[in-house]
Amino acid sequence: MKTVLDKISENYPENDRKLLISAYRYAEEMHEGQKRASGEPYFTHPCAVAEILINLGMDTPSVAAAFLHDVIEDTPATGEDVRARFGDEILTLVDGVTKLDKIQFASHEEEDAENFRKIFVAMANDVRVIIIKLADRLHNMRSLNYLSTERQQRIAKETLEIFTPLAGRLGISQIKCELEDLCLKYLEPDVYEYLITNIHQKLEERKTFVNTVVEELKQLLKESGVKGEVFGRPKHFYSIYKKMKKQDKTLDQIYDLSAVRVIVATIDECYEILGKIHKQWKPVPGRIKDYIATPKRNMYQSLHTTVVTNFGQYFEIQIRTQEMHRMAEFGIAAHWRYKEQKTSETSFDARLAWIRDVMDWQGTLNDSKEFVDSLKTDLYSNELLVFTPHGKVISLPLEATPVDFAYAIHSEVGNKCVGAKVNGRIIPLNSTLITGDVVEILTSSTAKGPSWDWLKFVKSGSARAKIRAFFKREMKEENAKTGRAMLEAEAKKRGYNLNDLLTEESFNRLSNKLVFSSVNEMMASIGYGAVSVNSVLFKLIDYYKKEVPKPVTEISDGKTTHTGGVAVKGLSGLLIRFAHCCNPVPGDEIVGFVSRGRGVIIHRTDCPNIINEDAARLQPAQWTGEKSEFIAGLKIVAEDDNGIVAFISSEIAALKLSMTTINGRVNKDNNAEFDIRIKINKRSDIDLLVNRIKKDKRVIDVFRTTK
């Protein structure tokens, strides 16, 4: 069996081989001693990711980044280390894939959304980031059997919702199909086992039939004087499962378990062979699809037809050129695999156009979860093809409306839209379009802009985001007044004064999570509905409650302020408190933040709330040898088991630690979540506790919190 080093030797020139082997050795050294859940050395994972990319034909920086993609996240290596050894290009790729582990989130859902948004922004700058991420996810799915059932299903669900449709949109069918089958294995294990057993049996039964069809098609090509390839291909399990579910059929009623492909040299030959196939076998009405004239949104091109033999047997034939076949298999990755062939540039640019469009409207969304929800809308929607009056094909989600069409043409067309004609007839703007419609948008230079009501019926994430962007831009002052009034009213209703809640410090902390540049922008976002009142208010109340100072014992020597085992350089006579956002404990690297009117607040150096603060307000701080107790927070996610609380309590007691509070609940995945607070003297106490708790197979995740 060939190793990844063998494949590097076979596929890359000497200078590139040196760089790749250097990345291989560095990652091997950094991951030394680390293990995967399977018990294998962790380094097997980056090797597997790199091998997937080599098989796709990706370039040298991509494969090097695959070897290195976890070193910043999981080893002592830093971004500067990677930059010094491998350069800016590879660091950019590695950083794009690296998760946001240094930032603490309120929930896994929020963390996943923010991580994915970061990856997507990086992808807009360099699309190779998402190809590396897809390879990373593919290998993780291949080795999912070593995790608990709960984690298997959570990861498989996320993969099916985000990564498989994204692979499909980028046209990488090799990865998409395998990911879908692996998701089915963990989400519907009984269905998966049934399909494995029965499909293999049926394929064996149909093998002779498929071989006969292949031979007849080869003879047809020979008689036509057309050179080409013909072969049969079994359809992947998930596509068969979807067809059974959608059509409410049993496996026995699904006839096209395999497709026959015909690969020829030119487009003209594709149509010529299609005509001769229909002359030889009877085509099934409604099952002829021309994706050459009207490619799918991922730029997939092929002719599909389902025909029936004289004995009543159905089978599907796909006809395409060699170039179309490469693009169908490798999608956007074909840009690197076949970069010497200029014919793939059009498809590459078209796929990038979709990414650019998403990035145009993602900037209007302050909330990462809203961004991911909008993206899912675009990824999941099946295709609807309509035409402009000049014959240009526009791809839209199913059940799209003329408003979706208008915004797909251009933002200004949508904003000035006052009506629509479909096939020459004026129709309401909330009407549903169907494939083949010719759509004309009626605009007016005096139009005041879109209507809020449009948000109730548009289907594309792009249109929804552009409508919101209009209201955000054009009605900013009015929205800001409305938003402030809404926030003040809701605060008063809950017994608070907004002026007490909304301080400079609380806004800075809030803006790190919701990405606001000013208070006015935040108020405007509330006013036009991009952010809910409660999502802002609850965070402000939470911050307000945590700002009550802890009692401290302060000692000043005139140059350094000491308190509770901490020394802050260059200050004297100031009250010192510990930040509740990151709960620093002895052993953490710390810094003092000089707060106006509130003394010095001690933060962990990796706390997100000080990343963008003025450096002049940050003072060096260090732990002293004085004994003191600190409160550390942990979040534990585990299977909902009756004995899990007793287990957590016993582990805390075994280390002679004291638990001050514990709050538990069942989350949307039916897992138990616990927020606990523990008195400790040093960081090693909490690290040891985390490691002990992680060893229990019922535990899904454990991490320090910032709340």
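Which side chain meets that of Lys 218 in a salt bridge? The partner is Glu 215, at 3.9 Å from N to O. Both residues belong to helix H12, which spans residues 189–224. They sit three residues apart there, and are therefore separated by about one helical turn. The general rule is simple: an α-helix has 3.6 residues a turn, so residues three or four places apart point the same way. Lys 218 counts as partly exposed, with 39% relative accessibility.

Now step back to the whole chain. This is a predicted model. The protein has 707 residues, and 52% of them count as buried. It contains 28 helices and 22 strands. Take the contacts between residues at least 6 apart in sequence: 65% of these join residues at least 24 apart. The protein exposes about 33300 Å². Carbon and sulfur atoms supply 50% of that area.

Move on to strand E2, residues 258–264. Seven of its seven residues are buried, so the strand is largely enclosed by the rest of the structure. In a regular strand the side chains alternate between the two faces of the sheet. In E2, Ser 258, Val 260, Val 262 and Val 264 point one way. Ala 259, Arg 261 and Ile 263 point the other way. Residues of both sets are buried.

E2 has pairing partners to look at next. Strands of a sheet pair through backbone hydrogen bonds, either parallel or antiparallel. Strand E1 (residues 228–234) runs antiparallel to E2, and seven bridges join them. Strand E6 (residues 314–321) pairs with E2 in the parallel sense, over six bridges. Ala 259 is the bridge partner of Arg 233. Ala 259 also stands opposite Glu 316 in E6.

Further along comes an open sheet of three strands. Their order is E10-E9-E11, and the pairing is antiparallel. Which strands are at the edges? They are E10 (425–427) and E11 (439–443), each of which pairs on one side only. The twist averages 35° from one strand to the next. Strand E9 (residues 417–422) meets E10 in antiparallel pairing over three bridges. Here Ala 420 has Ile 427 of E10 as its bridge partner.

Return now to charge pairs. Side chains of opposite charge can pair when their charged atoms come close. The structure holds 22 salt bridges. One of them joins Lys 635 and Glu 673, with the closest N and O atoms 3.7 Å apart. Lys 635 lies in strand E19 (residues 630–639) and Glu 673 in strand E21 (residues 671–680), so the pair ties together parts 38 residues apart in sequence. Are these two residues buried or exposed? Lys 635 is buried, at 4% relative accessibility. Glu 673 is buried too, with a relative accessible area of 8%. Both values fall under the 20% cut-off for a buried residue. The pair also belongs to a network of salt bridges, which links Lys 635, Arg 665, Glu 673 and Asp 675.

Another salt bridge joins Arg 692 and Glu 651. Their closest N and O atoms are 2.6 Å apart. This pair links distant parts of the chain, 41 residues apart. Arg 692 lies in helix H28 (residues 683–694), and Glu 651 in helix H27 (residues 644–654). How accessible are the partners? Arg 692 has a relative accessible area of 31% and is partly exposed. Glu 651, at 13% relative accessibility, counts as buried.

Technical notes: Residues are numbered from 1 along each chain as its sequence is written. This is a predicted model: local features need pLDDT of at least 70, side-chain atom pairs count only at pLDDT 80 or more; totals for chains, interfaces and linings use all residues. Side-chain values use heavy atoms; hydrogens and water are left out. Helices (H or I, at least four residues) and strands (E, at least two) are DSSP runs, numbered from the N terminus. Buried means under 20% relative accessible area, exposed over 50%, partly exposed in between (1.4 Å probe, protein chains only). Contact means heavy atoms within 4.5 Å. Accessible areas come from the Shrake-Rupley method with a 1.4 Å probe; for residues, only the protein chains shown count as cover. A salt bridge is a side-chain nitrogen of Lys or Arg within 4 Å of a carboxyl oxygen of Asp or Glu. Two strands pair if DSSP finds at least two bridges between them. Axes are lines fitted to C-alpha atoms, for helices over the stretch in contact, and angles run from 0 to 180 degrees between N-to-C directions.
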